[in-house]
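I opened the model today to look through it element by element, and I note below what I looked up and what I found.

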Amino acid sequence: MEPRHPRRRGLVPAIFLAALLGYAAWPWLPFTRAETTPPTIVFYGFSILADVCQEAIFPAFQKLWAAERGGRVEFASSFGGSGTVTNQVIMGVPAQVALLSLESDADRLADAGVVPHDSWKRLPNAGVVNLTPFVILVRPGNPLGIRDFEDLGKPGVRIVHPDPMTSGGASWAIVAEYGSGARGAPGGEAAGEKVLAGVWRNVVAQAASARAARTQFENGFGDALVTYEQEAIYDRSRGRLAADIAYPQRTILSEHTLVVIDRNVRPAERALVARFVEFLWSDEAQRLFVQYGFRSARPELDAANPAFGTIASPFRIADFGGWQRARRDIVDGIWKDRVMKELGAR
Amino acid sequence: MSAVPAAAPPKARATVPVGIVLLVLLPLILMPLAAVFVFAFRGGAADFVKVLTSREAQFALRFSLLIAFATAAVNAVLGTYTAYVLSRYRFRGERPLGILVNLPVAIPTVVVGTSLLLLWGPIGLLGRFLEPLGIQPMFAPLGVLLAHLFVTFPYMLGAVKPVLDEIEGTYEEAAYTIGANRWQAFRWVILPALRGGLFTGALLTFAHSLGEFGATVLVSGNLRLKTQTAPLYIFAQFEAGNVAAANAVAAVLAALSFLIFFFLLRYTTRKGR
């Protein structure tokens with residue numbers, strides 16, 4: 001190597017690193033910084049909400065707020081499995097508003113003392129912002145002939161399923177699978193358990209959230225995916241879905257619960273957060289949800305999206321006595337203590 | 001690739017062994033890296049620029065870089081001081097301390113994240129006393145920095161301590177005989193000799209911090225535009241199926257690491273000659 005002046009040796013890296021530091025710090029430098037940071041709403045949502053919130057709901061509310069109050073408002077948001085989000089809120093993330101997949105996650109927040117018990121029930125529609133039924137995604141042309149949850153138990157079907165530890169969608173799916181058996185045949189509980197056992201015998205991958213499970217399926221893994229109808233419809237509307245939707249005869253309509261975490265809302269932000277919460281049930285926001293494949297809290301708005309499929313006999317969590325009972329009896333009592341134990345013992 | 005054997009003329013029959021190594025490295029390292037770049041540019045250069053210039057991607061990159069600079073700066077001081085103490089003083093518990101400061105290499109990063117949460121988090125051992133005061137280090141940039149300082153601590157030490165151990169004591173003693181105090185001896189005798197080690201250690205720390213995931217994912221809260229680092233951005237976008245956005249940032253991180261290691265290799269090989 002050619003001898004160089006020793007001081008020159010580090011010159012290129014030094015210039016490069018200085019440029020990198022300049023780039024990184026640029027938005028925070030005193031002369032580039034916006035004078036005042038606008039008020040911010042900190043929003044945590046379960047996985048499938050990411051697109052509709054960022055592309056539609058947040059911008060619509062920013063416009064509305066600007067029109068009403070003439071000021072800017074920012075959103076800081078994070079999306080993950082409903083259980084993950086719930087754990088983060090319990091651990092103390094600064095969430096002001098959390099839209100959870102299922103009410104039992106809200107119950108967990110209440111049990112941890114983050115929000116008063118049943119505080120979400122005082123919101124419009126008992127806190128339920130939107131809904132979506134659980135469906136089965138299969139490969140194009142449905143080569144395995146899967147039409148209902150019981151078909152998922154056929155030998156050789158490889159199922160991608162969200163993980164009930166972290167995903168709200170997974171808990172909904174378990175109740176959907178159980179209910180499709182239990183509410184159909186006269187066998188009742190035993191029939192439900194049979195469908196569950198069939199499905200879970202064939203689960204080959206568990207993802208942390210419904211969205212992550214869909215990504216796995218999208219990347220070509222597995223024959224069938226149990227997920228929210230919204231995921232399937234929204235993907236198809238963007239031409240990204242390489243799958244068919246199988247509508248089970250009986251399945252659950254998931255209801256997504258909003259929780260306001262008052263202790264993370266400063267007094268100056270009260271009005272802003274309250275207005276945002278109110279906005280979520282407004283015509284405008286509900287129409288946006290429908291446009292992105294969610295079923296509205298007001299069923300009359302659903303006609304706007306022709307992609308919604310028909311389900312012969314849908315059911316709700318209330319049909320099982322609400323989430324507290326369903327978790328105890330179905331998710332813990334049957335799925336965890338009976339089905340999974342039996343499968344693990346084999 | 002066929003040019004590689006020709007580049008090593010003295011080792012005459014290297015063709016086969018080098019070929020084997022390349023054959024192994026190809027699916028193991030080279031092709032996965034190539035896939036990142038292929039997917040990053042799949043939608044064309046315009047798309048690549050578009051996703052890369054989105055506010056969130058820009059924030060994630062800048063935030064990661066700032067954390068990496070801060071981590072490198074803090075650990076450069078702490079690591080060098082620790083190395084100096086371990087190398088120049090003899091004391092009881094010297095060996096356990098030497099092991100302790102290297103421990104972060106062996107601890108899974110997820111455990112680091114959990115332990116930080118259980119100390120500084122709102123329900124943590126110390127955090128529960130801080131929370132009423134309005135101090136919340138976790139789920140904030142400070143939490144990310146703490147995690148990165150922990151995880152990368154041994155790098156500086158590993159780069160600096162061997163150099164310190166090798167420096168001839170005589171120069172230092174000479175400095176003392178002409179009346180230098182400890183600081184002056186350090187500043188004028190030891191520090192100049194340490195420049196290479198400092199540079200290497202700081203770059204390694206920087207590179208590791210830039211890519212840190214396991215601990216960060218737990219302590220950052222993953223808030224877009226607030227605490228989401230570049231690796232968290234990649235993970236979130238990939239999980240959401242936005243492969244293009246994930247890969248654009250991944251490609252930038254990979255390119256940055258290449259550059260950093262290029263500098264490292266250049267510097268260390270030059271020094272050796």
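Is strand β4 (residues 128-138) of chain A mostly covered or mostly exposed, and how many of its residues are buried? I kept in mind that this is a predicted model, and I found that β4 of chain A is mostly covered, with 10 of its 11 residues buried.

**Entry 1: partners of β4(A).** I next looked up which strands pair with β4(A). Strand β9 (residues 250-260) of chain A runs antiparallel to β4(A) and is joined to it by 5 bridges, and within this pairing I noted that A:Thr132 stands opposite A:Ser254. Strand β7 (residues 224-228) of chain A also pairs with β4(A) in the antiparallel sense, over 5 bridges, and here A:Tyr228 is the bridge partner of A:Phe134.

**Entry 2: domains of chain A.** The domain assignment gives chain A a domain 1 (40-130 + 255-302) and a domain 2 (132-254 + 309-345), and I read 26 Å between their centres, taken over C-alpha atoms. Where they meet, 22 residues of domain 1 are in contact with 26 residues of domain 2. On the domain 1 side, the elements that give two or more residues are α3, α4 (103-111) and β9 of chain A, and the largest share, 4 residues, comes from α4(A). By class, I noted 6 nonpolar, 10 polar and 6 charged residues on that side.

**Entry 3: chain A against chain B.** I then turned to the contact between the chains, where 25 residues of chain A are in contact with 24 residues of chain B. On the chain A side, α1 (11-25), β2 (74-80), α3 (82-91) and α7 (210-218) each give two or more residues, and the classes are 13 nonpolar, 8 polar and 4 charged.

Entry 4: In soluble globular proteins, nonpolar side chains tend to be buried together. The largest nonpolar core here has 153 residues, and those with the most contacts inside it are A:Ala98, A:Val259 and B:Val249. Helix α4 (residues 55-88) of chain B gives the most to this core, with 12 residues.

Technical notes:
Residues numbered from 1 in each chain as written. Chains lettered and ligands numbered in written order. Predicted model: local features only at pLDDT ≥ 70, side-chain atom pairs only at ≥ 80, totals over all residues. Contact = placed C-beta atoms within 7 Å. Nonpolar A, V, L, I, M, F, W, Y, C, P; charged D, E, K, R; others polar. Buried ≥ 20, exposed ≤ 12 C-beta atoms within 10 Å, placed from the backbone. Pairing = 2+ DSSP bridges. Core = buried A, V, L, I, M, F, W, Y, C linked by C-beta atoms within 7 Å. Domains from an automatic or database assignment.
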